Amino acid sequence: MKDDTARARVGVRRGLLRTGRWSLRYDTRALLVCVALAALTVCAMVSAIGTGTYELSPPEVLRTLAGDGPPGAGFVVLDLRLPRALVAALAGFGLGTAGAVFQSLTRNPLGSPDIIGFGNGASAGALVAIILCDAGAAQTAVGAVCGGVATAAAVYLLAWKRGVHGYRLVLVGIGASSVLGAATSFLYLRADIGKAAQAAAWTIGSLNARGWGEVRIAALGLVVLIPVVLIHGRRLTMLEMGDDTAAALGVPPERSRLVLIGAGTGLTAMAVAAAGPVPFVAMAAPQLARRITRAAGPNVLSAGWTGALLVTAADLATQRLTGSALLPVGVVTGIAGGAYLAWLLRGERRAARL
């Protein structure tokens, strides 16, 4: 009787989808959380699109998107505000997913790309393109990807000692982040005042003046790299249990880790290229997703949707608080992320982990 009850409880929580040779096991609560987070993200996007000098109600925004809005609303919604909202959601999704990958690989809540230097590497590469090459959106994206990949390779090699372990990866990454911070400061000193101002506004994480070019950059990163992360999701779960356990279960640790680091770095770089280095989203989103879903494992999709909601809600907050879209979204996420980091460190201390 107890076994039947246990199986019934598991059946409520777990599901299995079969399609020919393929099967997908999913957590029911995590699936429902993803649906709820996606719905909240869409609601925040609609509210953000309707906010501004030319204010629109949510029904008017939806009618405009369907091609039947008020006079003049089409240009405001489709050309000015919709790209900004999409960049917020796509970049947040990429940062949340990348944060889940790196925190699982390092088995450390501080092991997010903006803490261990990968985000700073992408930012430095983009700044080189902006300041030295006067680059546009596409060239900035290339610079961000190159900077992120170069940083990831350097951190990986410096952390290598009969394999790469999470503790060393975090320490080496923090050191790399400091070096890259000094490099970006040097770039500012070498730049003329116009380019330095442009780069400074971008560096803090801003959605101002984002267009369809940035939407395509962020979307390309998700379309190419999210499938890679999902395909290696089982390996990521095994790596959380340690290299020896993963190897015993048939997972090649270093090869899998290298692929996942590459995918996480690419997601971070494309998000940074589209929206700038929005701080703390990659660190907070996976932890919040894990607490909401109450599920073990990396929670990649729920972390992605949490990141999308965080950036979209922060964008909405900047517009509601200031009455304009000029305040960089990174200011809001930085303040909220600082408070979250203090809360996280307090929890770690209470758990006697520090």
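L62 is located in helix α3 (residues 58-65), helices being DSSP runs of H or I with at least four residues, numbered from the N terminus. The model is predicted, so that local features require pLDDT of at least 70 and side-chain atom pairs count only at pLDDT 80 or more, whereas totals for chains, interfaces and linings use all residues. Residues are numbered from 1 along each chain as its sequence is written, and side-chain values use heavy atoms, with hydrogens and water left out.

Together with L65 and L78, L62 makes a nonpolar surface patch of about 240 Å². Such a patch consists of residues with over 30% relative accessible area and no salt bridge, nonpolar side chains being joined within 5 Å; a salt bridge is a side-chain nitrogen of Lys or Arg within 4 Å of a carboxyl oxygen of Asp or Glu. Accessible areas were computed by the Shrake-Rupley method with a 1.4 Å probe.

Three aromatic pairs are present in the structure (ring centres within 6.5 Å; planes under 30 degrees apart stacked, over 60 edge-to-face, the rest tilted). One of them is the edge-to-face pair of F93 and W305, with 5.2 Å between centres and 90° between the planes. Because F93 belongs to helix α4 (residues 73-106) and W305 to helix α14 (residues 300-322), this pair ties together parts 212 residues apart in sequence. F93 is buried at 10% relative accessibility, while W305 is partly exposed at 29% (buried, under 20%; exposed, over 50%; partly exposed, in between).

F102 and F118 also form an edge-to-face pair, at 5.0 Å centre to centre and 75° between the planes. F102 lies in helix α4 and F118 in helix α5 (residues 118-133), so the pair ties together parts 16 residues apart in sequence. Both F102 and F118 are buried.

Conventions: Patches are made of residues with over 30% relative accessible area and no salt bridge: like charges are joined within 9 Å, nonpolar side chains (Val, Leu, Ile, Met, Phe, Trp, Tyr) within 5 Å. Helices (H or I, at least four residues) and strands (E, at least two) are DSSP runs, numbered from the N terminus. Rings of Phe, Tyr and Trp (its six-membered ring) pair if their centres lie within 6.5 Å; planes under 30 degrees apart count as stacked, over 60 as edge-to-face and the rest as tilted. Buried means under 20% relative accessible area, exposed over 50%, partly exposed in between (1.4 Å probe, protein chains only).
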